[in-house]
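Q: I would like to learn how to read helix packing and ligand contacts. Could you walk me through them?
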Amino acid sequence: MEQLVEENLQTVRREMELACRDSGRRIEDVKLLLATKTVPLEKLHSAMQAGETLFGENKAQELRYKFPLMQQHKQAEWHFIGHLQTNKVKDVVKYVTLIHSVDRLKLGQALHHHLMKENKTMDILLQINTSYEESKFGASPETAIELAEQLSQFDTLNMKGLMTIGKLNATNEETRHCFRLLKDIQAQIKKKNIPHVEMDVLSMGMSGDFKVAIEEGATIIRVGTSVFGQRYLPDSYYWNENMRGND
Ligand SMILES: *Cc1c(COP(=O)(O)O)cnc(C)c1O
């Protein structure tokens, strides 16, 4: 099992290098984040042993469960990539350095409130629903600029860029379209020169589409299945409309 994680990591790293080479990008400019939802601790440990340091979780309770392992590996950095309900904000802020999934003003307000109390700041990305699929969270591309402007008023939030989930089970061209749209929104927001808003991070690309994402400018790819194998829970458990909280 342990060996498998290492082998898979080597394969993914090699594919990343090829994608960078083919698109004239530098490998240092693309980070590999391992998406670890439902992944057992032993596999996570193997990835850490293999030198991986960037991990992403989708749920507050899984972060809590994995916290002891985090403490053993101080060099590891944790990001939050899942749908965040406002009542879970404080459980998440405790553990992570970047939240990829800020997609509405109300969530920004809740984060700001909590961070003020704790006298902290937090790096965030805006999640955009570039595939327009009902089942995905994220702000609509049409509201992205307005949301960036609204969130920029919260001085506890450092906006670093954008995140998206590309269209799944789609052709490369359909997925590419999602990633191009994200890049386009990034350019539009940059042009606005909103105070305190940086737009250098593009979190896009998963197991099935990270090569396309790298070609289209991803600076963080989020990979789970290709490294850890199939999950026993369907992604709809994490992404489905039914999972939306009441906020
Ligand atoms: C699960 C997940 C991933 C990784 O997906 P794989 O297809 O397993 O690589 C990436 N991003 C988010 C937001 C996820 O929930």
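Q: How are α2 and α3 oriented to each other?
A: Two packed helices are described by the angle between their axes and the distance between the axes. In this predicted model, the axes of α2 (residues 41-49) and α3 (residues 60-72) come within 11 Å and cross at roughly 40°. α2 and α3 are therefore oblique to each other (under 35 degrees is roughly parallel, over 145 roughly antiparallel, 65 to 115 roughly perpendicular, and the rest oblique). The crossing of α2 and α3 is right-handed.

Q: Which residues make the contact of α2 with α3?
A: Leu41, Leu44, His45 and Met48 of α2 meet Tyr65, Lys66 and Leu69 of α3, with contact meaning heavy atoms within 4.5 Å. By class, that contact has five nonpolar, one polar and one charged residues.

Q: At what angle do α6 and α7 pack?
A: Helix α6 (residues 144-151) and helix α7 (residues 172-192) pack at about 45°, and their axes are 10 Å apart. That makes α6 oblique to α7. α6 passes α7 in a right-handed crossing. On the α6 side the contact is made by Ala144, Ile145, Ala148 and Glu149, and on the α7 side by Ile185, Gln188, Ile189 and Lys192. These residues divide into five nonpolar, one polar and two charged.

Q: How many residues surround the ligand?
A: The ligand is surrounded by 14 residues, each with a heavy atom within 4 Å of it. The closest are Lys37, Asn58, Ser207, Thr225 and Arg231.

Q: Which ligand atom is 2.8 Å from a polar side-chain atom of Arg222?
A: It is a nitrogen atom of the ligand. An oxygen atom of the ligand is 2.5 Å from an N or O atom in the Lys37 side chain, and a polar backbone atom of Gly224 is 2.8 Å from a ligand oxygen atom.

Q: What should I keep in mind about the numbering and the model?
A: Residues are numbered from 1 along each chain as its sequence is written, and side-chain values use heavy atoms, leaving out hydrogens and water. As this is a predicted model, local features need pLDDT of at least 70 and side-chain atom pairs count only at pLDDT 80 or more, while totals for chains, interfaces and linings use all residues.

Note on methods:
Axes are lines fitted to C-alpha atoms, for helices over the stretch in contact, and angles run from 0 to 180 degrees between N-to-C directions. Helices (H or I, at least four residues) and strands (E, at least two) are DSSP runs, numbered from the N terminus. A crossing is left-handed if the near helix is turned anticlockwise from the far one by less than a right angle, and right-handed if clockwise. Ala, Val, Leu, Ile, Met, Phe, Trp, Tyr, Cys and Pro count as nonpolar, Asp, Glu, Lys and Arg as charged, and the others, Gly among them, as polar. A polar contact is a pair of N or O atoms within 3.5 Å; within protein, one must be able to donate a hydrogen and the other to accept it, and residues adjacent in sequence count only if both atoms are side-chain atoms.
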